[in-house]
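The sequence and the structure are shown first.

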Amino acid sequence: RQDVSHMFLSLDIAWFMPLAEYEARMGRFIDMVKSSKLRPGFSEILVPGELEHRRVLDKTENGVPLDREVYDD
């Protein structure tokens, strides 16, 4: 009911390639994905973490909603 889930993964990118190269490659990849043609009925393409980031911004600005039952408890 709280629309919450968790997944934790940690990788040291520097073990695989220089961090600046990784950031440049990911930037190009994200640009490519987000500029893809949209399916009918959709207004945008989101990448992993983007929706969660928006939720953090919203809850930071507007607070975290609680069910009455949770609040009373």
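Within helix H1, arginine 25 and glutamate 21 are 4 residues apart, which is about one turn of the helix. The two side chains form a salt bridge, with the closest N and O atoms 3.5 Å apart. Arginine 25 counts as partly exposed, at 42% relative accessibility, and glutamate 21 is likewise partly exposed, with a relative accessible area of 37%. The model in which this pair is seen is a predicted one.

**Overall architecture**

The chain contains 3 helices and 0 strands, and its elements follow the order α-α-α from the N terminus. Along the principal axes, the C-alpha atoms fill a box of roughly 50 × 35 × 20 Å. The radius of gyration of the chain is 18 Å, whereas a compact globule of 73 residues would have a value near 11 Å. Of the 73 residues, 5% count as buried. The accessible surface comes to about 7,200 Å², and carbon and sulfur atoms account for 58% of that surface.

**Salt bridges**

A search of the whole structure finds 6 salt bridges.

| Pair | Closest N and O atoms |
|---|---|
| Aspartate 3 and arginine 55 | 3.3 Å |
| Arginine 25 and glutamate 21 | 3.5 Å |
| Aspartate 72 and arginine 68 | 3.5 Å |

Which parts of the chain does the salt bridge between aspartate 3 and arginine 55 link? This salt bridge, with its closest N and O atoms 3.3 Å apart, joins distant parts of the chain: aspartate 3 belongs to the segment before H1 and arginine 55 to helix H2 (residues 50–62), 52 residues apart. Aspartate 3 is exposed because its relative accessible area is 58% and the threshold for that class is over 50%. Arginine 55, at 32% relative accessibility, counts as partly exposed.

The pair formed by aspartate 72 and arginine 68 lies in helix H3 (residues 68–72); the two residues are separated by about one helical turn because they are 4 residues apart in that helix. Aspartate 72 is exposed, with a relative accessible area of 53%, and arginine 68 is also exposed, with 57%.

Beyond these pairs, salt bridges connect Lys34, Glu44, Glu50 and Arg54 in a network.

**The segment before H1**

Besides aspartate 3, which takes part in the salt bridge to arginine 55, the segment before H1 includes serine 5 and tryptophan 15. Is serine 5 buried or exposed? Serine 5 is exposed, since its relative accessible area is 67%. Its C-alpha atom is separated by 24 Å from that of isoleucine 30, a residue 25 positions away along the chain.

Tryptophan 15 precedes helix H1 (19–34) and counts as exposed because its relative accessibility is 73%. The side chain of Trp15 contributes to a nonpolar surface patch of about 750 Å², which is made by Met7, Leu9, Leu11, Trp15 and Phe16.

**Summary**

In this predicted model, a chain of 3 helices has 5% of its residues buried. Its 6 salt bridges include pairs within H1 and H3, together with a link from the segment before H1 to H2. A nonpolar patch that includes Trp15 also forms part of the surface.

Note on methods
Residues numbered from 1 in each chain as written. Predicted model: local features only at pLDDT ≥ 70, side-chain atom pairs only at ≥ 80, totals over all residues. Heavy atoms only, no water. Patch = residues over 30% accessible without salt bridge, like charges linked within 9 Å, V, L, I, M, F, W, Y side chains within 5 Å. Areas by Shrake-Rupley, 256 points an atom, 1.4 Å probe, with all protein chains shown as cover. Salt bridge = Lys/Arg side-chain N within 4 Å of Asp/Glu carboxyl O. Buried < 20%, exposed > 50% of the residue type's maximum accessible area, 1.4 Å probe, protein only. Rg over C-alpha atoms; globule rule 2.2 N^0.38 Å.
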